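Welcome! Please keep the sequence and the 3D view open as you read.

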Amino acid sequence: KNAVVVLIVAANINAVLSRCAFRGSCVPQAVCACSLDHPDCIPGSDICPFPSGGAPCLNHDDEEPVVASTIAPSIESVCHGVFSSTDLVCCSEEQLKTLTNQLAMAEGLLQRCPACFLNFRVFWCKFTCSKDQADFVSVEQSQLCNATQHPAPNKNGGCLDSPSWSSLSPAVQGVNVQVDSVFADGLFQSCSSVTVPATGQRAMELAFGHSRTAHDFLRFQGVDAYHSGQSPIRISFNL
């Protein structure tokens, strides 16, 4: 597929004040006292509040976007063509490091179709950094990384030195995201036939849970990835 689609989110086009839903990294390391492959280990529960490192801080003080060069200086290299250093953004350098790793993994799978990977990169850059993030992202679950319950770092992680605990800032665990169905379908269609160079298998079958629809494709990245410890927050997409 060679189609490049444009990211469209269900947002209030008349909004005057840009707002962020979350920012930064409140829980850098995973905090989970059970094995995620055990049926009783539920991500987001008290025993496993943060199954993956990188959970961002809830924007409970209505912080506004900041010029990228001051908080996310590498944005032009990570999100080239999507954001510039002079743009207002909602992401931090810590978030861009996580995004860089995620995009690098995806590029290895989707590189045979530049249009597919471009759409994929635009989507996740917009989700992470858009100055209007709160217009299409709503936080559904958050909590303080509690060092009383999960103290000093150990093999199961710990909250004692986390920014969440030190600043008493709730960390985001789950969000809902409004995505235009036309965009979602265009993203999926641009990637649906891409094969992985190393195996010749379709990326949808090898790495995206045998996705057959746009809903499957986004759900795998947002919900399934969270439950397997590959994503710091549970992302439910509403098309």
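A residue is called buried under 20% relative accessible area, exposed over 50%, and partly exposed in between, using a 1.4 Å probe and protein chains only. This is a predicted model, in which local features need pLDDT of at least 70 and side-chain atom pairs count only at pLDDT 80 or more, while totals for chains, interfaces and linings use all residues. Residues are numbered from 1 along each chain as its sequence is written, and side-chain values use heavy atoms, with hydrogens and water left out.

**The nonpolar cores**

A nonpolar core is a set of buried Ala, Val, Leu, Ile, Met, Phe, Trp, Tyr and Cys residues joined through side-chain atoms within 4.5 Å. The largest one has 51 residues, and the members touching the most others are Ile75, Leu110, Phe127, Val175, Val177 and Phe208. Several helices and strands (DSSP runs numbered from the N terminus: H or I of at least four residues for helices, E of at least two for strands) each supply at least two residues, including α3 (93-110), α4 (114-129), β6 (171-178) and α9 (214-227). With ten residues, α4 gives the most to this core.

Contact here means heavy atoms within 4.5 Å. Setting aside residues up to four places away in sequence, Leu110 touches Cys116, Phe117, Phe120, Val194, Ala203 and Phe208. A second, separate core has ten residues, among them Val31, Ala55, Cys145 and Ala147.

**Helix α9**

How far apart should the ends of α9 be? The expected span is 1.5 Å times one less than the number of residues. The 14 residues of α9 should therefore span 20 Å, and the end C-alpha atoms are 19 Å apart, which agrees. The helix α9 also has a kink of about 40 degrees centred on Phe220, where the bend is the angle between axes fitted to the seven residues ending at a residue and the seven starting there. Phe220 is one of the buried residues of α9, along with others including Phe217, Leu218 and Tyr226. The cover over these buried residues includes α4, β6, α7, α8 and β7. Just after α9, Gly229 takes a positive phi of about 80 degrees.

**Charged side chains**

For charge, Lys and Arg count as positive and Asp and Glu as negative, while His and the chain ends are not counted. A salt bridge is a side-chain nitrogen of Lys or Arg within 4 Å of a carboxyl oxygen of Asp or Glu. The whole structure has four salt bridges, including these:

| Pair | N to O distance |
|---|---|
| Arg19 and Asp135 | 3.8 Å |
| Glu63 and Arg23 | 2.8 Å |
| Asp132 and Lys131 | 3.4 Å |

Arg19, in the segment before β1 (22-27), and Asp135, in helix α5, are 116 residues apart, and their pair links distant parts of the chain. Glu63 lies in the loop between β2 and β3 and Arg23 in strand β1, so this pair ties together parts 40 residues apart in sequence. Arg23 counts as buried at 16% relative accessibility, whereas Glu63 is partly exposed at 39%. Lys131 is partly exposed at 33%, and Asp132 is partly exposed at 24%.

Which residue is buried yet has no salt bridge? That is Arg121, whose nearest side chain of opposite charge, Glu107, is 7.6 Å away. Arg121 lies in helix α4 and, not counting residues up to four places away in sequence, touches Val78, Cys79, His80, Val82 and Leu103.
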